Amino acid sequence: MIVCVAVVGHQNNPLYIQSFTEADDALKLHHIVHCSLDVIDERVNNPKKSGPLLNETFLGLLYPTENYKVYGYLTNTKVKFILVTTDLDVKDADVRNFFRRFHAAYGDAVSNPFHVPGKKITSRTFAESVSTIVKAFGLSSAG
Amino acid sequence: MDPARTPLGRMLLDEITPVVMVLRTPLVEEACGKNGLSFVEMLSPFCSFSNIDVPVRTASDQPYRLQKFKLRLFYSSDIRQPDVQVANERLKDVITQAGEKDLSNLSSELPQVDELLSSSESDIMPSWFQFFNKELIRTMSFSDHEAFDHPVACLLVVSSKDEQPINRFVDLFNSDQLPSLLNDGAMDPKILKLYLIVHDNQDGAPEKAKKFHNEMRSTFGSNSSQLLCINSSQGGLVEHLQNPWAPFKTDASPTQRLGGFLNIDDFNEIKKLTQDLASKHVIPYMEEKVRVLNQQVSATRKGFKNQIKNLWWRKGKEDTPDASNGPVYTFSSIESQIRVLGDYAFMLRDYELALSNYRLISTDYKLDKAWKRYAGVQEMMGLTFFMLDQSRKEAEYCMENAFNTYLKTGPTGQQNATRSGLWWVEMLKTRDQFKEAAGVYFRISGEEPLHSAVMLEQASYCYLLSKPPMLRKFGFHLILSGNQYKKSDQIKHAIRTYRRSISVLKGTTWSYIQDHVHFHIGQWYSFLGLYDSAVSHLLEVLSCGHQSKTTQEFFLKIFLQTVQKTGKACQVMRLPLPVINSSSLKVVFEDHRTYASPAATGVRESLWQSLEEEIVPSLPAARANWLEVQSNFTSKPNKNSNMCIVGEAIKVAIEFQNPLQISIPLSDVSLMCELCARSDDADSEANSLTAELQNDEATMLTTDRFLNSDMSSFALSNVELTLEGGGRKMVQLTVTPRVEGTLKIVGVKWKFSSSVVGFHNFVTGSVKKIQKGGKKNKQSPADSLKFDVVKTVPRLEGFIQSLPEKVYAGELQQLTLELNNKSHLSVKNLKMKISHPRYLNIGNQRNLNMDYPACLEKKTNSAEKTILEPHTINAPRNVFLFPEDTVVQGDTSFLWPLWLHAAAPGKVSLYIILYYEIENPESFMKYRTLRMLYNLEIFPSLDVSFQISACPSTLEEFLVRMDIANKTSTRNFQIHQLSSIGYQWEISLLQPTDSIYASPTLMSGQAFSCYLILKKSKRLDRAEANGSPVCSLTVSDIQLSTEGAGGKMYDSSLSPVKDFHNVERLQHGKSLEGDSNMVDFVLIYWPLDSETDPGVSDRPSLFSHHECHCSVASTSPISWVVEGPRLIHHDFSTSFCEVTLKMALYNSADAAASVRINTLDLSRNGDAQSRDESTLASGKQAGWYNVSLDSEIKVTSDVSGIQMKPLSSDSASPFVWTGSSSTKVRLPPLSTLGIPLQICVFSPGTYDLSNYILQWSLVLPDDQGNHGETRPSSGTCQGYSYFLTVLQST
């Protein structure tokens, strides 16, 4: 199950953090997302480790914490997408697919002329499409 | 780098050293106790040797020399595994002490991230970590699974005061007192024994001791017997520079003098003793033991055969059901011996030998599933690899293996795992693998909160030190660690870690995390009673708009509680609640410009200025020449600052914004000001500045300042408000200076929840200045908040009584302007200007008490036409000058009538400027202006349009079609009267009123049309006879209604209607100069029903609609009518019939016209007609037109009657024009002329006498060249139809 998705701007400022749990763990997820930025920075600055593809946006598994797995994705505008999941065996292809759809939704959201770049994403449509994508991810990985 | 010099190397050389077990009698302790030391403590400083220089040989006879060496001395009672509880208590003490020491730093400034990154490791890490780690490792000592803590030698100490010292020595080595390690067979009880007799020199000469010593020598052997004399100093006052015991005595109080009885001789003796102990006994003994053990091991285990045998033997043992820790190994087992050999070799720095033995034994232990021992050996292997500085990978693998294996062994292994982890960490740190080190720290953090707190904190510093630094993880682990510290009640440490993490988060937008950190720091500070610090941190979380409502409430509650605990009124420079929108700051002050309403202040200054232009004396006009100083006019003491007047409030509007979802109460919102009073004497102005700083911290607090504020030099307004959740509010604040001087508005302050006082300085924020009249130069924000307070001058307050906000179009209302003068001085020379005279006009003093609308009724009942005198229609006055003698005295009010006419629907802002001069010549200002603004919304009422067309049957008469539609949704109107205003125009009804227009009431949405006749007034002749100029306007009225108003008519020529009419005329563009072809209509009506909309005026009022410049001019200035009989009886048997007709021509143009009438005998064919029409259409083509000439020729050729046949085909019998076929006359302007016409009819019938053409051309005077070029100067007209019926008379 996806616990949290986040969009982080190119100055490492949070643009959108949404948790999908019932529990009141917003702070914890904030911390996790915040920390994973360090790993993203490391990956980006040492491209040798991140794989052979230079233009790869998918950063892969950032780090496994106690209960979660954190995946990252970096757009070419240096906006980071972070996915926190509790699933232990996640197929990379599923995550890639998730991020691709997420990226499209994000693109739609920032194309809104009323969106101020660098400010938090408040679009309700974006939130809805994200939750749809998240639900779809749960189905595909379960099935 | 030499591994021995690394931190880990030094640690290993310190910790993995031979242990000497000490057995002593109580008297020995007593002797040492005089110095405040125990025996072990006394010896310890001298047990580590930096240059012992002992020759050693390896097992394979390789000679080398040991330089650094250390012995560890322990009492036999201490040689056992420390109790876990005690150890933990001890560790906790260490941490608590460190926390206490850090307390002083708690309130100090924290280093920024950059500083942290640039400083070295030792600067960042708290120094007590090392100590803590050492203590932690020590809690794991004396385990039975490793041999380096096993005592190598035993030192038996007896005092010379003891009775029978020799027997005491024997008693001491009694197995009852020996540690369990020796007793349970984990180590060899045959241990190197050394005997020492201690003599206290204070008890007498050492002779007795020497005697005992000799006895010992004979009993135990000369080598192993020693004598130590101490306490040689009698006074006990020996001062030791760099007291060697201090580092070993952690709990020593500073007053205690350590080693006070030990003089330099004692020092040397102790040194000699320990050196002997190490070099002559311990090291040779260990060397010997290594040699022996090595031979044993080689014999049993080395070689192919032994290995096979060993393997097979162990395989066979596999089935034996055993404890989880594997079999018990006694000291005599070969496994233990190999381990001892390895450890001894390690301690003697023979790492090769140690490693080979560790390798040997590790496989054995593994096969035996003796996991703890296996882990211990792996650990040592790792360390040995490290010390050999080779095969890093293997070293790390061994450490990891050891770590994981320890963890496998269950809870007891946890501690060992921690130790191996710490060593592992040190190893990684030495190799700059900080990130991995942090991971290991994280893994050894464990369950116990305090322990994990320390480990997490160390992990965080590793993240900081890693390259590149991982700052976010640094912060995160600090927070995790702080959380654990808090769980174990180490609040000071918790605060320290959290505060450090702020440096990472500062400047980011991760507000949830920031709130968490600040909030907890604040809470913890308040636990510690440091309320000021607590408040400063809690302030940071106050504006947490992103949090949930409950969280916001919680934060606020805690904040207020904390503030209460501080026990004093809390003042905060930058209280984040509410948010102050600095850009919204507006300052409104009144110098010579005053405002009637707040709305008027919001208008652009340039707009007012453009209105003021005409009435305010301009500066250049006021002075005679440029040499004269401008200050004659207004002597401004300081031109850079604004002016305000004593007793008149300066208004400051600022927006407060609540970022929270909960409403917050604010009270005592007021400005902070400084006023420097100025003495009257301008010369000594500089000297007599008495600064009255009112925002002094001291005065700020006292609440009674507001009560007796009349003592102070200015008065402040005090606002109380509640900001709803998420709301924003403009707050109007005022300051009223009471004395002259310089006033400076510093900022705003407010009281939040009646406990916290917040300040906001304006100067720091940007200030938007709106009232910057006249001065174009930019001023700094500070200047715009600075005012020169000048002496009081009169100020008029004015308003318009009962001006409605919403009216219907056309409404005409009487209003009253009221001016109040509150001061004792009077003002004069009043002038006024209104921006929209179309809507609002200034009345006459006479109007004031008149009864409206009755005053507009015609005085006489006669329907006499009133003539508007020409001089009354001068241009509307731009500036209204009140009568010369108008003086508004002090404390009086002054009334003046105004008229409101809602001319056109829409929204309109009426700007009114009133200018007045101050009578007192010594006043600072000569004049002031009052600016008033009223907004009016006008709804459409009646839509009226007029269409005028020439009446074909009559000369100089026009049909007027009036269409009225009621555009309102609710109101009904009664049409009352229509007046026409024009040059000698007169309007009349087609039919009598009562026949058709019984009730011209228009319900809402209803439309209505009626026809009227407009004709020339008959008074034209009279007017001309009187010689009065033509340009006089005539008003003619008709009553359209028979109901209401008692049949009274209103006089459209009376003042308000007339004035507004003039404005309307101007409004529609054309000049006021009358055109005789233009006519204006005024429709007067009133609303019928009393059901009024709210907000709309319901006072009795008239409505008037003005329609201006309706042109009556037809296409041609020449109009004519043929007059004559219509029906004739004639006896055709006698003769043909001659009919005489008369054509009346009228020239409506103001120039003479030449008219030519051509009669045609034939009715035209369509061709000619169309051509004529085209001529008419393009009437501009001047002169005689060819075509018509052609037709004329044709006509003349047709005269012979050949054309009778085509005509006969018509029903009409032929007739011919007789008389002149072409008549040409000259028609003077505005005149009528009759021309006789005659026809001959030959048979009875009905004839259309339209077959004539009228050609005209205006004879324009030369100077009028192209005047009125829109109208044709010549044209040709087809005759009108005129039917004549001739009957055969009988």
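This report describes selected features of a predicted model with chains A and B.

## Chain A

Chain A holds four helices and five strands. Along the sequence, these elements follow the pattern β-β-α-α-β-β-β-α-α.

Chain A has 143 residues, and 31% of them count as buried. Its contacts also reach along the sequence. Take the contacts in chain A between residues at least 6 apart: 53% of these join residues at least 24 apart.

## Where the chains meet

How many residues of chain B are in contact with chain A? Eleven residues of chain B touch twelve residues of chain A. Two helices of chain B, α20 (471–487) and α22 (511–528), each supply at least two residues of that side.

Six of its residues are nonpolar, three are polar and two are charged.

Helix α19 of chain B covers residues 449–465. It has 17 residues, which at 1.5 Å a residue should span 24 Å.

Is α19(B) largely enclosed or largely open? Of its 17 residues, 15 are buried, so the rest of the structure largely encloses this helix. Buried here means that 20 or more other C-beta atoms lie within 10 Å of the residue's own.

## Two helices packed together

Helix α1 (residues 7–15) of chain B packs against helix α17 (residues 411–430) of chain B. The angle between them is about 145°, and their axes are 8 Å apart.

From α1(B), the contact uses Pro7(B), Leu8(B) and Met11(B). From α17(B) come Trp423(B), Glu426(B), Met427(B) and Thr430(B). Five of the contact residues are nonpolar, one is polar and one is charged.

## A three-strand sheet

Chain B also has an open sheet of three strands. Their order is β44-β53-β50, and the pairing is mixed. Strands β44 (1127–1130) and β50 (1245–1248) of chain B are the edges, each pairing on one side only. From one strand to the next, the twist averages 25°.

Strands of a sheet pair through backbone hydrogen bonds, either parallel or antiparallel. Which way do β50(B) and β53(B) run? They run antiparallel, and four bridges join them. Strand β53 of chain B spans residues 1283–1288. Within β53(B), Leu1284(B) is the bridge partner of Tyr1247(B).

Terms used. Residues are numbered from 1 along each chain as its sequence is written. Chains are lettered from A and ligands numbered from 1 in the order in which they are written. This is a predicted model: local features need pLDDT of at least 70, side-chain atom pairs count only at pLDDT 80 or more; totals for chains, interfaces and linings use all residues. The expected span of a helix is 1.5 Å times one less than its number of residues. A residue is buried if 20 or more other C-beta atoms lie within 10 Å of its own, exposed if 12 or fewer, and partly exposed in between; C-beta atoms are placed from the backbone. Two residues are in contact if their C-beta atoms, placed from the backbone, lie within 7 Å. Ala, Val, Leu, Ile, Met, Phe, Trp, Tyr, Cys and Pro count as nonpolar, Asp, Glu, Lys and Arg as charged, and the others, Gly among them, as polar. Two strands pair if DSSP finds at least two bridges between them. Axes are lines fitted to C-alpha atoms, for helices over the stretch in contact, and angles run from 0 to 180 degrees between N-to-C directions.
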